[in-house]
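Let's take a walk through this protein together. Please keep the sequence and the 3D view open as you read.

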Amino acid sequence: MKRDMICIICPRGCSLCADIQGENVTVTGNACPKGQEYAINECTNPVRTVTATVRVSNRYNTMASVKTLTPVAKDKMMEVMNILRQTQIQAPAKIGDVVLADVCGSAIVITKEIL
Ligand code: SF4
């Protein structure tokens with residue numbers, strides 16, 4: 001099976017073609033080794049950094065921006081979003097504060113200071 005994709009590792013945006021034969025993935029179109037690594041990961045274990053907002057319970061109409069500290073499996077993204085939808089924090093909070101220690105294998109951290 002062949003799969004076409006754009007490498008998003010750098011602005012050059014190489015057009016990659018991954019030829020998947022069982023466990024083997026052959027990548028063409030990459031201008032550097034990072035593209036090969038990206039394509040293989042996309043075909044075998046795609047991961048994403050999830051960014052979202054959570055409610056600030058002690059501030060009127062305020063949301064705090066958060067993200068996963070490390071990428072999570074792509075098929076776990078909705079699970080992460082459902083947990084964050086029910087999550088509230090208390091102000092003040094600073095960048096890097098851990099909101100949740102382990103959601104689908106990653107911590108959730110604050111990305112914007114809330115005074
Ligand atoms: S393959 Fe290399 S040069 Fe091409 S977009 Fe990816 S990182 Fe950039």
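Which residue in strand 10 is the bridge partner of valine 98? It is valine 109. Before we look at the strands around that pair, two notes on reading the model. Residue numbers start from 1 along each chain as its sequence is written. The model is predicted, so local features need pLDDT of at least 70 and side-chain atom pairs count only at pLDDT 80 or more, while totals for chains, interfaces and linings use all residues.

Let's begin with the whole protein. There are 2 helices and 10 strands, where helices (H or I, at least four residues) and strands (E, at least two) are DSSP runs numbered from the N terminus. Along the sequence they follow the pattern β-β-β-α-β-β-β-β-α-β-β-β. The C-alpha trace spans about 55 × 30 × 20 Å along its principal axes. The protein has a radius of gyration of 18 Å, whereas a compact globule of 115 residues would have one near 13 Å; the radius is taken over C-alpha atoms, and the globule rule is 2.2 Å times the number of residues to the power 0.38.

Domain 1 covers 2-45 and domain 2 covers 51-110, with bounds that come from an automatic or database domain assignment. The C-alpha centres of domain 1 and domain 2 are 30 Å apart. Of the 115 residues in the protein, 18% are buried. Here a residue is buried if 20 or more other C-beta atoms lie within 10 Å of its own, exposed if 12 or fewer, and partly exposed in between, with C-beta atoms placed from the backbone. Among contacts between residues at least 6 apart in sequence, 41% join residues at least 24 apart; a contact means that the two C-beta atoms, placed from the backbone, lie within 7 Å.

Now turn to the ligand. Around it you will find Cys7, Ile9, Cys10, Arg12, Gly13, Cys14, Asn30, Ala31, Cys32, Lys34 and Gly35, each counted as near if its C-beta atom, placed from the backbone, lies within 6 Å. This shell divides into 6 nonpolar, 3 polar and 2 charged residues. In that count Ala, Val, Leu, Ile, Met, Phe, Trp, Tyr, Cys and Pro are nonpolar, Asp, Glu, Lys and Arg are charged, and the others, Gly among them, are polar.

Leaving aside residues up to four places away in sequence, cysteine 17 touches Lys2, Asp4, Thr28 and Gly29. Lysine 2 is 15 residues from cysteine 17 in sequence, yet their C-alpha atoms are 6.7 Å apart. Cysteine 17 counts as partly exposed because 14 other C-beta atoms lie within 10 Å.

An open sheet of 5 strands has the order 8-5-6-10-9, with mixed pairing; two strands pair if DSSP finds at least two bridges between them. Its edge strands are strand 8 (88-89) and strand 9, each of which pairs on one side only. Strand 10 (residues 106-110) pairs with strand 6 (residues 63-68) in the antiparallel sense over 3 bridges, and valine 66 stands opposite isoleucine 110. Strand 10 also runs antiparallel to strand 9 (residues 98-103), again joined by 3 bridges. Follow that pairing and you will see leucine 100 opposite isoleucine 108, and valine 103 opposite serine 106.

Strands 9 and 10 form a hairpin with 2 residues between them. Cysteine 104 lies in this turn and has a positive phi of about 55 degrees. Why does cysteine 104 count as partly exposed? It does so because 15 C-beta neighbours lie inside 10 Å.

Two other loops deserve a stop. Asparagine 61, in the loop between strand 5 (51-56) and strand 6, has a positive phi of about 55 degrees although it is not a glycine. Asparagine 61 counts as exposed because it has 6 C-beta neighbours inside 10 Å.
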